[in-house]
Amino acid sequence: MIGVDEFALRRRHRCATVVIDAETHERIDVLPDRTAGTLETWLRAHSGVGSCGVTDRQPTRKPSAALPDAIQVGDRWHVWHNLCAAAPSEVKAHSNCWATVLDAPLYDGPWAQSTLERWHQVHYLLNQGVGLLECGRRLQLALSTVKRHARADGPERMLRVPKYRSSLVDPHREHLRRRRAENPAVPVQHLLKEIKALGFTGCLNLLHK
């Protein structure tokens with residue numbers, strides 16, 4: 001079993017690939033770059049390799065073509081790191097689901113409408129066999145934007161709960177909630193006077209928001 005990983009010959013300028021014996025931890029070879037083609041060529045020349053452990057399972061180092069039956073293993077650090085990176089993204093993608101449970105508002109208005117329309121436009125072109133680059137050209141969108149819409153399996157996954165930003169109102173939220181529960185029709189101006197007496201230094205416009 002071998003282990004494959006990249007390392008920098010010159011930081012941020014040139015990288016190479018090291019191949020080690022996963023059992024003895026001894027270096028077997030050093031390849032001149034980190035491309036998949038170089039690794040594949042090396043693996044074909046060393047057909048006796050039975051399986052391959054790849055540290056971070058990057059596409060450039062997946063030896064699937066040369067070793068179609070190999071068992072590819074990610075190390076514990078990268079498995080955990082990739083999971084931690086993917087989890088927040090997946091939670092955001094389902095924000096329209098948990099927002100209904102938490103009674104949190106989703107983005108609405110022109111932004112949400114244009115986002116949903118763009119998702120339908122991108123997927124219409126993809127279903128016609130149009131490539132990502134061509135989708136971006138036709139819709140005048142950046143490739144990263146097209147990819148983000150293409151990855152979403154439904155238009156609702158593009159909607160998000162607005163990001164919370166702290167404000168001067170935060171220390172007085174419980175007071176405001178209590179007053180609104182006691183009297184839902186209490187004027188905002190009255191609430192402003194009450195929390196100003198409690199130390200609020202913001203303006204009426206901020207309280208409205």
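Modeller: Happy to! Accessible areas here come from the Shrake-Rupley method with a 1.4 Å probe, and for residues only the protein chains shown count as cover. By that method the chain exposes about 14,500 Å², with carbon and sulfur atoms supplying 54% of it. Bear in mind that this is a predicted model, where local features need pLDDT of at least 70 and side-chain atom pairs count only at pLDDT 80 or more, while totals for chains, interfaces and linings use all residues. Residues are numbered from 1 along each chain as its sequence is written, and side-chain values use heavy atoms, leaving out hydrogens and water.

Of the 209 residues in the chain, 29% are buried (under 20% relative accessible area; exposed is over 50%, and partly exposed lies in between, with a 1.4 Å probe and protein chains only). The chain has nine helices and five strands, which are DSSP runs numbered from the N terminus (H or I, at least four residues, for helices; E, at least two, for strands). From the N terminus on, the elements run β-β-β-α-β-β-α-α-α-α-α-α-α-α.

My pick is helix H7, residues 173-182, in which His175, Leu176 and Arg179 are buried. These residues lie on the same side of H7 because they cover an arc of only 95° around the axis, the arc being that of the directions from the helix axis to the C-beta atoms. The face turned away from this buried side carries the exposed residues Glu174 and Ala181. What covers the buried residues of H7 includes helix H8 (188-197) and helix H9 (204-208), judged by contact, meaning heavy atoms within 4.5 Å.

Leu176 also belongs to the largest nonpolar core, together with Val169, Val186, Leu191, Leu192, Ile195, Phe200 and Leu207. Such a core is a set of buried Ala, Val, Leu, Ile, Met, Phe, Trp, Tyr and Cys residues joined through side-chain atoms within 4.5 Å. H8 gives this core its largest share, three residues. Leaving aside residues up to four places away in sequence, Val169 touches Leu176, Phe200, Leu206 and Leu207. A second, separate core has seven residues, among them Ile2, Val19, Leu39 and Leu43.
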